[in-house]
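Here is a short tour of a multi-chain model, written for someone who likes to have the numbers beside the picture. Have the viewer open as you read.

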Amino acid sequence: MGLGFLHRHRGTTPYLLLLPGLLWLGVFFLVPLGFLVYQSLQSGNFVVGYAFHWAWSNYWDSVKGYSGEFERSFEYAGIATALALIVSYPVAYWIAFRGGRWKNLLLLFIVAPFFVTYLIRTLAWQTILSDHGFVVRSLATLHLVAHGGRVLNTAVAVVAGITYNFLPFMALPLYVSLEQIDARLIEAAEDLYASKLHAFLRVTVPLSLPGIVAGTLLTFIPAAGDFINAQLLGSPTNHMIGNVIQSKFLETGDVPVAASMSFILMAIIVVMVLAYARAVGTEQLTG
Amino acid sequence: MTDRITRKVFLRRAAASGSILTVPGLLAACGGGGGGGGASSGATTQQLAKTLRFSNWTLYMDRDLKNHTFPSLIEFQKKYGVHVDYMQDVNDNASFYGKIQGQLSKGQGIGRDIIVMTDNSPFPALLVKKGWVEKLDKSAIPNIKNLVPVQRHPAWDPNRDYSLPWQSGFTGIAYNERLTDPVLSIDDLFGNPKLKGKVTCLNEMGDALSLVMLANGDDPSHVTDATFNRAMAKIKKAVDSGQIRQFTGNDYAPPLAKGDLSAAMSWSGDIPQLDAPYIHWNLPTDGGDTWTDNMLIPTGGNVYTASVYMNYVYDPQVQGLMEAGDPKRNITGIYYIPPVIGAKEAALKFNPPVAKNTDIFPTPKMLDNVHLFDPTALTNQKYLTAWQNLISA
Amino acid sequence: MSTVDATLPARPSGPAAAARAWAFVRRHVLTVYSLLFFAYLLLPIGVVVVFSFNNPPGQFNYTWHSFTWNNWRYWNGVPGIQSAIELSLEIALIASLIATALGTMIALALVRYRFRGRAGTNILVFLPLSTPEIVLGASLLTLFLNSNLIGFTIQFGFWTILIAHVMFCISFAVVTVKARLIGFDRHLEEAAMDLGANEWATFVKVTLPLIAPAILAALLLCFAISIDDFVVTYFNAGSDVTFPIFVWGAARIGAPPQVNVIGTAIFAIAVTFMLVNVFLQDRRAKAA
């Protein structure tokens, strides 16, 4: 009976399939965002409560008052993404082209750290980078760190933490697109007198572009909104916009400003993503 | 807020404290009585619940370090048959309030029977003013007579209708003797270049500003814009120069023990608890501040069971053991300042060295050198916003 | 003959040998680099595992003291840790099942049908991935706080956490299953239908088994993401404590070794699962 219904109403099948999931997303993702917009136009705090005022000034206040944190967030996220790309690309390449039958196993090792709780991993870095720990003392003897200086609670630790935590997000998409490259194309390039380096730059890299795009997005976007690395590994001068938003939501109760900041963050990210997508072709993103 | 519970409010609270989305919860809501799961709501039943849900600061209960248990809570369970679900989830007043205020503002319970907040923050006063706390069942707390006189009439709860002190403490400076010479003043803490990047400041506005104002020669019990700005400037300078490594709640303890910090602005009782003889705590030379943490019963908490527990800890014998611990039984005490008359005498039996420790049972001279932070400054929104901007941005 | 020998090039030496050495290095530098990369990746994990066996003298687990099995034997000795991990596992299991089911349906619709709003759906599914977690968490918190506007007051705890987790897992499930569906050979289904099977039987007997690896992958991914989530959960858990929230709180006073124990256990179980999966895939590939 059910199939007969579907036969007669062919067009409804996709909508039926979509309904539960989209409904969930609609109610628990879009509607809350709507509430957030509403709250961003209110003013108030814990003590006096909140009132709707069309308070567009919240947006201006966020940008004016916290431009430093905004800039720092994108700076840290950008550096971390670039580092992740540079560090992961060779490994993804190695696994894709030289992995052979160990490919799946090696991929496992990339993903495995992901299975230790994010917080525990970051706390482990607190232990590793401890001022009197082995790592910092070694770096001091190599004069990479000032004597009596520290790595923990600095911008370096924060960026290192972000990079580390998002490495799998960069490495996996890179691997996926590199793995799909037909090795014969590279051979062909070399047959046409390209040097290995030349073949790499002109053939491999462009063909791996979808992976680079996916990896960059998957790393940069969450990194920009992160606050845990800054909180556990940074000092007050390293705070990112995520820290401010968290503090305003949960500590000062300055929900309107926090809400407006959240939207500004999202808006900037969306703009960046769109510009990026235009540059490389949208199908990579959503197709 | 009157204590007359209207039928509407009672039903709302009854509905909120059960798990509304389960069938038992729905039935309970329809029936208007206490729901499935946790404690029942309302103030009038004199029946002990099966579980007491208690949110407190860390390092604030007597502990058996080896078994990770809390002896006084075990004794309470033996005596009254009530299991205490003890959660150390208060790290600083503002963020704890931030977590609970959403539900409280909707009249919902927060799944707790007792919470502990400091009078050095606006929040206990705010909770009382907004009517988000229940009145104590004083008929269940005869031991309230043991409350030390100085704590009997605080400005924000003049008759102790809604609260009882948990512990008091001082704010001072802790330092690691292996890493630095004694750090005894705020000027040293924030100004000594040898300590650069190895000190922390507290994220509680009342505590931090008290100490810094005293170092500036100002009076923290009467805050003016001028004294506020002077104190903020001093702290900001130390942040910008990289002197201050982080703003912390209790969480200065791990880095201090680890050696990542040489000194920290810290609370008096935390340091004896670290059990590290190379870490010392002192009141700053210019003076420190004192504060009291208070037990409160949030909306929806089980008043009778909470009151019975409060009565239990106000027994001088119990308090003495909780306070000082007992080395013979491997129990570490709280080591803060108890609000119960007779606790010191009881502590002498269990742990004489601790009982004679003036950080825990302070001398009059020490009490002269500590100040209370101006409560009106705590509710000044301008100050609060400026402070939050300083510590989180 | 000898004249031919005379014209043969001499045995390579000098620059040519250097070139060969350079080729050797180049061949292996990538391997060495990759191995170093893995070492770096697994370093914190190693620290976590090692310190789970530590017997710290006081309450801070920062320096190695002595070896003990006690932390593993009494893994639930720390108050609150057992209920925290149980809650996390429960939520992860249920949330991943729901999210994978919903996500698979969306993926099927997106890949196989042309319908109005396809682009919009793509965007809607992609949006949560591009929203910072803090915005997801805070906005959901606002929704729950204002739920009384539509009738009932929701209690923070298990249900709010579950709703939140399903919400952000759906997108991951869609992306994972979609990737596999795109490369799916429809001819197999057509063949089944030609042989007399109706849509439902085809789906169950042909399609599902073939996309099963993707569904499994989506399940595992959602499970991993759910069990690890901190930010969104922190905003919406009310007073309930999941394992990441427990770790956050415990870190304030010095996380006890049992936190390392549970972290290691989750890691070990997950790695075992994946090793088994890898092994099975290899076998399947060899058989094919």
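## Chain C and its contacts

Chain C has a radius of gyration of 27 Å, whereas a compact globule of 288 residues would have one near 19 Å. Keep in mind as you look around that this is a predicted model. Taken along the principal axes, the box filled by the C-alpha atoms of chain C is roughly 105 × 70 × 35 Å. As for burial, 41% of the 288 residues of chain C count as buried.

What is chain C built from, helices or strands? There are 12 helices and zero strands in chain C, so you will read the pattern α-α-α-α-α-α-α-α-α-α-α-α along its sequence. Contacts in chain C also reach along the sequence: among those between residues at least 6 apart, 76% join residues at least 24 apart.

Two packed helices are described by the angle between their axes and the distance between the axes. Helix α4 (residues 81-112) of chain C packs against helix α7 (residues 158-182) of chain C at an angle of about 45°, and their axes are 6 Å apart. The crossing of α4(C) and α7(C) is right-handed. In the contact of α4(C) with α7(C), the residues divide into 21 nonpolar, five polar and one charged.

Now to the neighbouring chains. Between chain A and chain C, 64 residues of chain A are in contact with 67 residues of chain C. On the chain A side, at least two residues each come from several helices, among them α2 (12-40), α3 (57-98), α10 (209-225) and α13 (255-280) of chain A. The largest share of that side, 18 residues, comes from α2(A).

Chain C also meets chain B, with 24 residues of chain C in contact with 29 residues of chain B. Here α6 (133-145) and α11 (243-253) of chain C are the elements that give two or more residues to the chain C side. Of these, α11(C) gives the most, with three residues.

The table sets out the residue classes of the two sides.

| Side | Nonpolar | Polar | Charged |
|---|---|---|---|
| Chain A, touching chain C | 51 residues | 12 residues | one residue |
| Chain C, touching chain B | 12 residues | 11 residues | one residue |

Definitions and conventions. Residues numbered from 1 in each chain as written. Chains lettered and ligands numbered in written order. Predicted model: local features only at pLDDT ≥ 70, side-chain atom pairs only at ≥ 80, totals over all residues. Contact = placed C-beta atoms within 7 Å. Helix = DSSP H or I, 4+ residues; strand = E, 2+ residues; numbered from the N terminus. Nonpolar A, V, L, I, M, F, W, Y, C, P; charged D, E, K, R; others polar. Axes fitted to C-alpha atoms, helices over the stretch in contact; angles between N-to-C directions. Left-handed = near helix turned anticlockwise from the far one by under 90°. Rg over C-alpha atoms; globule rule 2.2 N^0.38 Å. Buried ≥ 20, exposed ≤ 12 C-beta atoms within 10 Å, placed from the backbone.
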